[in-house]
Amino acid sequence: YLFEITFETMTEGLTFTPSEKTVRSVMAEKPQFVYAAPGFLQHMRDLGFQTFADLWSEHYDHLQGPARFVAMFQEIKKIAAMPQTQKIKLYQQAQPICQHNRAVLDNLIHNHWANMGK
């Protein structure tokens with residue numbers, strides 16, 4: 001279980017609604033694939049998060065519905081077919097991204113709570 005497959009609740013239309021599902025993977029510092037509405041990963045990048053486009057294809061982020069699932073699952077199958085040592089290496093390469101994302105989330109939460117009293 002080196003990677004997470006996250007299925008967000010809102011998966012259609014022009015929406016960006018990350019939930020506890022995405023947050024849980026970020027907090028656990030786990031690399032993840034996200035089945036959500038088109039542009040979800042771009043919205044995450046706009047907030048300062050990094051995605052895993054340098055490690056695997058994220059072209060699925062422009063798709064929705066069954067096409068998104070098929071494209072995402074193709075990437076997952078590529079990783080699943082790798083030898084275990086290669087999967088572990090990919091996981092290790094993803095760790096700086098995961099650590100960055102955890103820090104971004106921590107800052108967003110801290111700033112939100114710090115501004116609540118103002």
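Helices here are DSSP runs of H or I with at least four residues, strands are runs of E with at least two, and both are numbered from the N terminus. This is a predicted model, where local features need pLDDT of at least 70, side-chain atom pairs count only at pLDDT 80 or more, and totals for chains, interfaces and linings use all residues. Residues are numbered from 1 along each chain as its sequence is written, and side-chain values use heavy atoms, with hydrogens and water left out.

**Exercise 1.** Find where Glu 29 is and work out its backbone angle phi.

*Solution.* Start with the location: Glu 29 is in the loop between α1 (20–27) and β2. Next, the angle: phi is positive, about 55 degrees, although Glu 29 is not a glycine. For context, most residues other than glycine have a negative phi.

**Exercise 2.** Decide whether Glu 58 is buried or exposed, then list what it touches.

*Solution.* First place Glu 58: it lies in the loop between α2 (40–46) and α3 (65–80). Its relative accessible area is 9%, so it's buried (under 20%; exposed is over 50%, partly exposed in between, with a 1.4 Å probe and protein chains only). Now the neighbours: leaving out residues up to four places away in sequence, Glu 58 touches Leu 41, Arg 45, Thr 51, Phe 52 and Ala 53 (contact means heavy atoms within 4.5 Å). Finally, the Glu 58 side chain reaches the backbone nitrogen of Phe 52 at 2.7 Å.

Notes:
A polar contact is a pair of N or O atoms within 3.5 Å; within protein, one must be able to donate a hydrogen and the other to accept it, and residues adjacent in sequence count only if both atoms are side-chain atoms.
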